[in-house]
Amino acid sequence: MKDCPSCEALLPSVAQVCPACGHQLEKKEKKDEPIVHLQLLTPTQVRELIDKPGLIKQKVQLVKSKQIRVRDVLHQMSNREEAIEFIRQMGYKRGWLFHNAKHYKCFQS
Ligand SMILES: [Zn+2]
């Protein structure tokens, strides 16, 4: 059970709207949710972002918010320096590169 923050009615803990006053109850945020909330991008916008060079920070955020995968980004990259910076910002260790570099063209140049 929980209290409605608006009218203090006692509600079942799964309630999303208070039946007494109509207050929208927020879901409790999970701890592992990303701190940075990207504005919601359409699949086309996501695609365009991946295709553009640079924008490493945005790409990292997209991966961390699970909108794209690391390999989606790396397969679109042709610049080794950028790819390494991306991996660094993802927080991957040197060992990651050692094991995975061979799968991506961007690391072969
Ligand atoms: Zn209420």
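These legends accompany close-up views of a predicted model.

**Figure 1. The chain and its elements.** The chain holds five helices and two strands. Read from the N terminus, the order is β-β-α-α-α-α-α. The chain has 109 residues, and 9% of them are buried. Among contacts with a separation of 6 or more, 36% join residues 24 or more positions apart.

**Figure 2. Helix α2 against helix α4.** Helix α2 covers residues 56-64, and helix α4 covers residues 80-90. Their axes come within 10 Å and cross at roughly 45°. An angle from 65 to 115 degrees would count as roughly perpendicular, and one under 35 degrees as roughly parallel. The two helices, α2 and α4, are therefore oblique to each other. Their crossing is right-handed.

**Figure 3. Residues at the contact of α2 with α4.** The crossing of α2 and α4 is right-handed, and these side chains line up as follows. From α2, the contact uses Ile56, Lys57, Lys59, Val60 and Val63. From α4, Glu82, Glu85, Phe86, Gln89 and Met90 take part. Sorted by class, the contact has five nonpolar, one polar and four charged residues.

**Figure 4. Leu97 in helix α5.** Leu97 belongs to helix α5, which spans residues 94-100. Is Leu97 buried or partly exposed? Around Leu97, 16 other C-beta atoms lie within 10 Å. A buried residue needs 20 or more, and an exposed one has 12 or fewer. Leu97 is therefore partly exposed. Phe107 sits 10 residues away from Leu97 along the chain. The C-alpha atoms of Leu97 and Phe107 are separated by 8.8 Å.

Definitions and conventions: Residues numbered from 1 in each chain as written. Predicted model: local features only at pLDDT ≥ 70, side-chain atom pairs only at ≥ 80, totals over all residues. Helix = DSSP H or I, 4+ residues; strand = E, 2+ residues; numbered from the N terminus. Contact = placed C-beta atoms within 7 Å. Axes fitted to C-alpha atoms, helices over the stretch in contact; angles between N-to-C directions. Parallel < 35°, antiparallel > 145°, perpendicular 65-115°, else oblique. Left-handed = near helix turned anticlockwise from the far one by under 90°. Nonpolar A, V, L, I, M, F, W, Y, C, P; charged D, E, K, R; others polar.
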